[in-house]
Structures are given as structure tokens and as C-alpha cells.
Amino acid sequence: MSAADNQSPSATGPVTGASYAAAGVDIEAGDRAVELMKEWVKKTQRPEVLGGLGGFAGLFDASALKRYERPLLASATDGVGTKVDVARQMGVYDTIGHDLVAMVMDDIVVCGAEPLFMTDYICVGKVHPERVAAIVKGIAEGCVLAGCALVGGETAEHPGLLGADDFDVAGAGTGVVEADRLLGADRIRTGDAVIAMAASGLHSNGYSLVRHVLLNQAGLSLDAHIDDLGRTLGEELLEPTKIYSLDCLALTRTTEVHAFSHITGGGLAANLARVVPDGLHAVVDRSTWTPAPVFDLVGTTGEVERLELEKTLNMGVGMIAIVPEESTEVALATLADRGVEAWVAGEITDRGEHTTGAALVGDYDS
């Protein structure tokens with residue numbers, strides 16, 4: 001929202017015709033939201049960032065890229081889907097930003113890129129300054145965890161299109177990687193180990209299915225305490241998406257990494273297949289881990305077939321690293337030192353008779 005739209009009454013008297021405020025847009029509330037979010041945005045600053053909030057564009061000093069021989073810029077954009085409705089119903093707004101940063105920056109780090117900066121877009125039916133500031137607080141905290149700066153954003157008020165308490169968030173990010181350190185399918189070899197990194201929960205995918213099964217069909221309350229979860233359903237569903245960016249970059253510094261795969265919409269097999277080259281096959285053994293109880297809750301409550309669950313939800317794995325077999329020990333030690341639960345979940349084989357790039361085998365450990 002631009003201050004230019006906030007026109008004062010004329011000298012001859014108050015405006016009596018139609019106005020922006022009468023149409024439902026509160027400029028002053030928007031300005032208040034910006035003031036409240038400034039302290040959180042400041043916490044994300046990197047030395048390359050110039051200026052602060054209030055400009056028309058965020059500025060990042062590209063001369064910092066001179067240390068690269070051939071810098072490649074990586075970009076991504078995403079949202080958090082219908083998880084925002086759970087946040088709205090719970091009245092909890094300071095965690096959804098973690099999810100947004102994870103969805104964007106963990107896509108960027110897959111190619112080995114260092115996250116640099118991010119911008120956000122928050123669309124609301126009515127600006128509640130404290131609520132908007134809480135959302136930005138979460139985004140800023142997520143940026144700190146990802147090692148990137150939050151250089152700008154936009155808060156848009158859409159009365160008549162969204163209800164007064166409705167909102168959505170989206171973001172875009174940029175990272176950089178040296179050309180000869182670009183990770184991907186061309187590096188993967190037969191015999192490579194598939195290392196799984198544990199998810200913090202459902203993350204931010206499949207919530208249309210989750211909400212349909214648990215809230216609509218089963219009629220469960222977000223305030224209901226679920227013994228198997230050890231907390232309320234709402235607390236479980238709002239668990240922030242784990243941000244792996246700095247963990248993945250640490251792996252690239254301590255050992256050889258061939259590829260990463262961010263496990264989001266489409267599930268483990270489909271996302272892993274995206275980085276497996278033609279002629280090779282990733283085999284992941286389900287018996288190497290036990291999915292968290294929330295996955296069984298969704299499957300059992302909704303009588304959802306396992307294939308449907310696995311192509312919709314992450315099933316407990318949020319990120320995959322593919323490394324040479326001889327790098328496995330160092331990779332696991334690096335992740336353990338950083339507090340990341342990880343394990344060898346499978347390997348890369350010749351495709352043989354397989355028709356897809358990745359498959360899950362065996363049964364989950366109980």
C-alpha cells in the first residue's frame with residue numbers, strides 16, 4: 001500500500017464522496033504494521049543489504065559475488081498452502097513464516113546455492129497490524145535460520161475478496177552457487193548413498209487432505225488433545241517446517257555431496273526421482289525409519305491408502321542428500337553435530353527393470 005493513496009481532506013472541508021477507507025482499505029493500519037515489523041526485518045540483515053524498509057525495492061550489493069569465478073543465481077517462489085487456515089483458526093501467526101522460508105530457501109539450497117535474500121507478499125482481508133507483524137516476525141526468524149536477508153515485501157489489503165480474518169502468504173528468494181559446484185543429477189553415480197533427514201512433522205504440504213480428513217470428515221477439534229501426538233491437534237498441525245538450508249551447506253563444506261532433494265508436494269519418491277538421472281534408480285527402504293504418529297493418524301482416520309499418503313505427505317523425511325558411499329560416515333556425523341536426525345535410507349542402483357527414477361521398498365519400522 002502506497003502512502004500516496006492516503007489523501008488528506010481538502011482545505012474546503014472533509015471528503016464526502018467515496019474513499020479508499022470507505023472501500024475497506026485502512027492506510028493507517030498498514031503503516032502501523034510496517035512500523036511493528038521493522039525490528040524483526042532488521043534482525044535478518046546481511047552486510048550486502050543496503051537501505052531498509054520503505055523503499056520501492058530491496059537492494060543487495062552484488063559486488064559481493066566477485067569472489068565467485070562464475071556465480072550462478074538460483075531463484076524460487078512458493079507459499080504454504082492451506083496451512084494458513086489452520087493458523088487463522090488457531091489465532092497463531094508467528095510460525096507460518098518459518099514454513100514460507102523453508103518452502104522457498106530449501107528449494108534453492110538443493111542445487112548447492114547459498115541463500116542470499118528473500119521478499120514476501122502478505123495478502124489480507126483486513127490489516128490487523130499486530131497480526132501482520134507476527135507473520136513477518138516468523139518470516140524474519142526463518143530467514144535467520146536459513147542465513148538469508150529479508151530485503152522487502154508487500155502487504156496487500158483485499159476487502160471484498162477476502163474475509164476480515166483471511167490471509168495468505170507467498171515469497172520469493174535468491175541464492176548463489178559457483179558453477180563448478182552446482183549439484184544435481186549429472187553428479188549421481190551407482191552405489192551412492194541416499195541419506196534421509198527427518199522432518200519436523202507434516203511441514204507445509206498435503207494440508208488440503210489433512211484438513212479434509214481430520215477436521216471435515218472426522219470432525220476433530222484443533223483444541224483436542226491427541227494422546228498419540230502428545231499435544232493438541234492444532235499444535236501438531238502448526239509445527240513449523242524444518243529449515244535445512246544451513247545444514248545442507250555444512251554438508252557441502254565437510255564432504256562430497258552429489259545432490260539434494262527437498263521432499264515437498266508429491267512425496268518422497270516423486271521428489272527424489274526429480275534429481276535421479278536417466279539410467280539410474282533410487283531405492284529407499286521404508287524399514288529404516290518410523291513415521292511420526294501424525295501420519296498414521298491421517299491414514300487411519302481417513303482410511304487413506306498408503307500410496308495416496310506417500311504421494312501427498314513427506315512421511316517423516318524432509319530432505320534427502322545423495323553422497324558417495326565413502327562420504328556417508330562424515331555426512332552423518334556432520335548432521336548429528338548440527339542436531340539433525342539423519343540415517344542411510346537407501347542407495348542408487350542401475351535402473352534395470354524399473355520404470356521410475358525412485359521407489360520405496362519394505363515396510364515402515366514399527
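This report describes a helix pair and a strand sheet in a predicted model.

## Basis of the model

Local features in this predicted model need pLDDT of at least 70, side-chain atom pairs count only at pLDDT 80 or more, and totals for chains, interfaces and linings use all residues. Residues are numbered from 1 along each chain as its sequence is written, and side-chain values use heavy atoms, with hydrogens and water left out.

## Helices α7 and α11

The axes of helix α7 (residues 245-254) and helix α11 (residues 328-337) come within 10 Å and cross at roughly 140°; axes are lines fitted to C-alpha atoms, for helices over the stretch in contact, with angles from 0 to 180 degrees between N-to-C directions. Helices (H or I, at least four residues) and strands (E, at least two) are DSSP runs, numbered from the N terminus.

In this contact (heavy atoms within 4.5 Å), Asp 247, Ala 250, Leu 251 and Thr 254 of α7 meet Val 330, Ala 331, Thr 334 and Leu 335 of α11.

## The mixed sheet

An open sheet of 4 strands runs in the order β3-β6-β4-β5, with mixed pairing, where two strands pair if DSSP finds at least two bridges between them. Because β3 (71-79) and β5 (149-157) stand at the edges with a single partner strand each, one side of each is left without a neighbour in the sheet. From one strand to the next, the twist averages 15°.

The pairing of β3 with strand β6 (residues 167-178) is antiparallel over 9 bridges, and Thr 77 stands opposite Ala 172 in β6. Helix α4 (residues 129-146) packs on the sheet, touching β4 (114-124), β5 and β6, and its direction makes about 165° with that of β4.
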